[in-house]
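My entries below follow the order in which I looked things up.

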Amino acid sequence: MPSLRTIGLWLALVAASALIAYGLTLARFPAALLLGPMIAAIAFGVGGSHLNVPRSGFLAAQAMIGCLVAHAVTGQIAQTLYEDGFVIVAVVLVTVAFSGLVGWVLTRLRVLPGTTAAWGSSPGGASAMVAMAEDFGADPRLVAFMQYVRVAAVVFSASLAARFLMHDAPLGAAAGAGDASELSSVAATLLVAAIGAFIALKLNVPAGAQIGPMVLGSVLHATGLVRMALPVTILELAYACIGWYVGLRFTRETLRMTFTALPGILVATFAVILLCAGWAFLLTLILPIDLLTAVLATSPGGLDSVAIIAVGSQADVSFVLAVQTLRLFVVLLTGPLLAKWISRSVHEDATP
């Protein structure tokens with residue numbers, strides 16, 4: 001059973017999250033219910049609260065986001081991949097190349113020890129990259145810190161971009177809620193979430209808790225076999241859970257451990273974001289897409305956070321998720337190879 005102190009801290013975190021989210025909603029920020037809890041959780045994590053979101057809760061939240069995307073996108077991701085496949089692959093490869101270049105520079109400058117920077121600069125799959133980095137001898141704590149700094153920075157910058165690039169008010173959580181008046185639709189959606197996540201996790205699919213329900217739900221919803229519907233309350237809780245999970249990763253210990261490297265990590269993170277933003281602008285000259293869609297599509301992760309922002313704004317969700325999903329798989333396939341190549345090339349250059 002949790003202690004009274006833990007219960008009190010959670011109540012305080014919920015209250016602070018609600019207050020910040022309310023302020024962001026008044027300021028017309030999309031995904032305020034993700035951003036507010038994340039900001040509050042970072043403060044609580046750095047403040048030494050030692051709170052954490054159970055992994056089961058995080059996986060459940062990802063499954064709900066997968067169903068949210070399935071409701072919004074229906075069956076259009078495959079069509080988008082078919083029609084704009086070459087450009088989408090180019091977008092993914094450019095993003096991975098930018099991140100690889102930043103990882104090489106950080107490793108060469110020895111901002112972080114060993115191969116940590118090579119793994120930490122990977123643009124996506126934070127949990128998977130941390131696990132693989134440990135297997136290859138990198139410090140998993142520093143890799144995790146770099147990855148979640150990137151995720152937080154992407155959420156902040158993408159929310160800011162969406163705020164100023166949108167012409168109307170943000171759509172909010174209700175945009176993906178669907179018609180939740182029928183209990184059978186809600187039950188069917190929850191069943192899709194459970195089955196999709198279970199199968200994908202058993203098959204070791206990257207980000208399976210989200211991708212499984214997203215793929216299964218998209219097929220069933222597009223063919224009319226299942227009517228996707230989620231109550232707004234469940235979506236809001238999923239948003240908050242994602243925000244808390246990321247924010248509470250920032251602790252006093254990790255900040256102390258990475259204090260000297262933090263400026264370099266921040267510069268590298270925002271360098272990748274700015275490079276991707278420049279590439280997004282070029283995309284609008286190549287494809288008939290708006291700047292907000294291009295920015296969200298090229299942003300360097302994470303998939304769940306970007307999905308929430310895309311659904312809550314006027315972006316082309318199918319294009320954004322097609323690019324982000326493909327990028328995740330490319331990163332997980334090329335990440336170990338790229339990290340080993342960076343480490344080997346830097347080592348050879350340093351050898352007299």
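**Ground rules**

I am working with a predicted model, where local features need pLDDT of at least 70, side-chain atom pairs count only at pLDDT 80 or more, and totals for chains, interfaces and linings use all residues. Residues are numbered from 1 along each chain as its sequence is written, and side-chain values use heavy atoms, with hydrogens and water left out.

**Aromatic pairs**

I looked up ring pairs to begin. Rings of Phe, Tyr and Trp (its six-membered ring) pair if their centres lie within 6.5 Å; planes under 30 degrees apart are stacked, over 60 edge-to-face, and the rest tilted. I got four aromatic pairs by this rule.

Why is the pair of Phe58 and Tyr245 stacked? The ring centres of Phe58 and Tyr245 are 3.7 Å apart and the planes are at 10°, so the pair counts as stacked. My helices are DSSP runs (H or I, at least four residues), numbered from the N terminus. Both Phe58 and Tyr245 are buried. For that word I use under 20% relative accessible area, with exposed over 50% and partly exposed in between (1.4 Å probe, protein chains only).

Next I noted Phe145 and Phe250, an edge-to-face pair with 5.9 Å from centre to centre and 70° between the planes. Phe145 belongs to helix 8 (residues 140-165), while Phe250 is in the loop between helix 11 and helix 12 (252-257). This pair links parts of the chain 105 residues apart. Phe145 is buried at 4% relative accessibility, and Phe250 is buried at 8%.

I also found that Phe58, Tyr148 and Tyr245 form one aromatic cluster.

**A charge over a ring**

The charged end of Arg163 sits over the ring of Phe164, 5.3 Å from its centre. The rule asks for NZ of Lys or CZ of Arg within 6 Å of the ring centre and within 35 degrees of the ring normal.

**Cavities**

How many cavities of 30 Å³ or more does a search of the whole structure find? It finds two. A cavity here is a set of points on a 1 Å grid over the protein atoms alone where a 1.4 Å probe fits but cannot get out; lining residues have an atom within 4 Å of a point. Points are joined across faces, edges and corners, and a volume is the space filled by probe spheres set on them.

The largest cavity has a volume of about 90 Å³. Among its lining residues I listed Ser99, Met146, Arg150 and Thr269. Helix 5 (85-108), helix 8 and helix 13 (262-286) each give two or more residues to this lining. Helix 13 gives the largest share, three residues. The lining of the largest cavity divides into five nonpolar, four polar and one charged. I count Ala, Val, Leu, Ile, Met, Phe, Trp, Tyr, Cys and Pro as nonpolar, Asp, Glu, Lys and Arg as charged, and the others, Gly among them, as polar.

The second largest cavity has a volume of about 80 Å³. It is lined by 14 residues, and Ala118, Ser122, Pro123, Gly335 and Leu338 lie nearest its centre. Helix 5, helix 6 (116-120) and helix 16 (317-350) each give two or more residues to this lining. The largest share, five residues, comes from helix 16. The lining of the second largest cavity has eight nonpolar residues, six polar and no charged.

**A covered helix**

I checked helix 15 (residues 303-311) and found it mostly covered, with nine of its nine residues buried.

**Cysteines**

I searched for disulfides, meaning pairs of cysteine sulfur atoms within 2.5 Å. The count is zero. Cys67 is buried at 2% relative accessible area, and Cys241 is buried at 12%.

**Loop residues**

Arg28 has a positive phi of about 65° although it is not a glycine. Arg28 lies in the loop between helix 1 (4-26) and helix 2 (32-46), and is partly exposed at 35%.

Asn204 is also not a glycine, yet has a positive phi of about 60°. Asn204 lies in the loop between helix 9 and helix 10. Is Asn204 buried or exposed? It is exposed, with a relative accessible area of 65%.

Technical notes: 1 Å grid on protein atoms, 1.4 Å probe; cavity = no way out; pocket = protein on both sides within 12 Å on 5 of 7 lines; lining within 4 Å.
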